[in-house]
Amino acid sequence: MIELSAKTPCAGLLPLETGGMSLRELEAVPITSIMPLNGKHGAVSTALEKAVGAALPDIGRSLAGKSTEVLWTGQNQFFLIGATAPDLPAGVTDQSDAWTRVALDGGRGAQVLARLCPVDCGALEVGDVIRSQIGHMSAIIICREAGFELMVFRAFASTLVHELELVMNSIAAQDEIRD
Amino acid sequence: MRIECPICGNRDRREFYYLGAADYLDRPALGDQDAMHKYLHLRENPAGVTRDLWHHEAGCSAWVVVERNVSTHEVLSTALASDVKRAGA
Ligand SMILES: [Zn+2]
């Protein structure tokens, strides 16, 4: 019998710390895509709130439940993070192994993302979610109290870390030559 | 160039994929060869206002009808393709 060992997307790549910024991988949790069927947005929202304590958020927002969260992730699309989905009148897909999730903390996240993302992430408020790009990768960016949470497809884990590390190092280096 | 996504708001052009004329929303009935030929191959090419389909590929994934002036690069209006289609039906 072949023994396979589980590896997280950023195994061996993170954590990183430089210039007061930190980048770490978030723990692997269930991720489920939920796309309500036509006319079922309200029914899905109610059922979800009952099951996990969070309803469907508004466009560009997230809602926290009991150790779970629901993110808006696109046109008529939501991600349930941290719990499996109940029966819903929606298109439901398990995407748990499909994503890389990292936290960019330290209060300079907007400065880092300014070099990689075409959206002004400094203008986001805590709990805001956007779909945009990090470098050339399609990404989900969530604004947190401590910084930003970033999600890209699992196969892009090393590219994501590479892009972020370059920028973090560059910003840290510029601190040294400020005067 | 920046495009106003009806869902996400004002976004950089690089987040969008360009498909072509909004004529693609008006697919003719099957069997009408002449109309199908026009639908697939014949396009106006004005030096002025055009209506095109753009996909907010790196954003919310919506299809957007963008009315813009190709001479001045001004974006005049945007609407969800699903809304345009529904209104026309
Ligand atoms: Zn959009």
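Here is a friendly walk through this predicted model, point by point.

1. **Confidence in the model.** The predicted model has an ipTM of 0.89 and a pTM of 0.93. For chain B, the mean pLDDT is 94, and 99% of the residues in that chain reach 70 or more.

2. **Chain B at a glance.** Chain B contains two helices and six strands. Followed from the N terminus, its elements come in the order β-β-β-α-β-β-β-α. The C-alpha trace of chain B spans about 40 × 30 × 20 Å along its principal axes. This chain has 89 residues, and 38% of them count as buried.

3. Are His56(B) and Cys60(B) buried or exposed? His56(B) is buried, with a relative accessibility of 0%. Cys60(B) is buried too, and its relative accessible area is 2%.

4. Over all chains, the count of aromatic pairs is five. One of them joins Trp99(A) and Phe153(A): the ring centres are 4.9 Å apart and the planes meet at 55°, so this pair is tilted. Trp99(A) belongs to strand E8 (residues 99-105) of chain A, while Phe153(A) belongs to strand E11 (residues 147-153) of chain A, so the contact ties together parts that are 54 residues apart in sequence. Trp99(A) is buried at a relative accessible area of 5%, whereas Phe153(A) is partly exposed at 36%.

5. **An aromatic pair in chain B.** Next, look at Tyr18(B) and Trp54(B), which form an edge-to-face pair with 5.0 Å between the centres and 70° between the planes. Tyr18(B) is in strand E3 (residues 17-21) of chain B and Trp54(B) is in strand E4 (residues 49-55) of chain B, so that, at 36 residues apart, the pair links distant parts of the chain. Tyr18(B) is partly exposed, with a relative accessible area of 35%. Trp54(B) counts as buried, with 3% relative accessibility.

6. Back in chain A, ring pairs join Phe79(A), Trp99(A), Phe153(A) and Phe156(A) into a cluster.

7. **Strand pairing in chain A.** Strand E1 (residues 16-18) and strand E2 (residues 21-25) of chain A pair antiparallel, with three bridges. Within this pairing, Leu16(A) stands opposite Leu23(A) of E2(A). The hairpin of E1(A) and E2(A) has two residues between the strands, and Gly19(A) in this hairpin takes a positive phi near 50°. E2(A) also runs antiparallel to E8(A), joined by four bridges. There, Arg24(A) stands opposite Ala103(A) of E8(A).

8. **Two residues in chain A to look up.** Gln133(A) is placed in strand E9 (residues 129-134) of chain A, and counts as buried at 11% relative accessibility. Between Gln133(A) and Cys117(A), the C-alpha to C-alpha distance is 5.5 Å, with 16 residues separating them in sequence. Glu163(A) is part of helix H3 (residues 157-176) of chain A, and is partly exposed at 21% relative accessibility. Glu163(A) and Met151(A) are twelve residues apart in sequence, and their C-alpha atoms are 14 Å apart in space.

Definitions and conventions. Residues are numbered from 1 along each chain as its sequence is written. Chains are lettered from A and ligands numbered from 1 in the order in which they are written. This is a predicted model: local features need pLDDT of at least 70, side-chain atom pairs count only at pLDDT 80 or more; totals for chains, interfaces and linings use all residues. Side-chain values use heavy atoms; hydrogens and water are left out. Rings of Phe, Tyr and Trp (its six-membered ring) pair if their centres lie within 6.5 Å; planes under 30 degrees apart count as stacked, over 60 as edge-to-face and the rest as tilted. Buried means under 20% relative accessible area, exposed over 50%, partly exposed in between (1.4 Å probe, protein chains only). Two strands pair if DSSP finds at least two bridges between them. pLDDT is the predictor's confidence in each residue, from 0 to 100.
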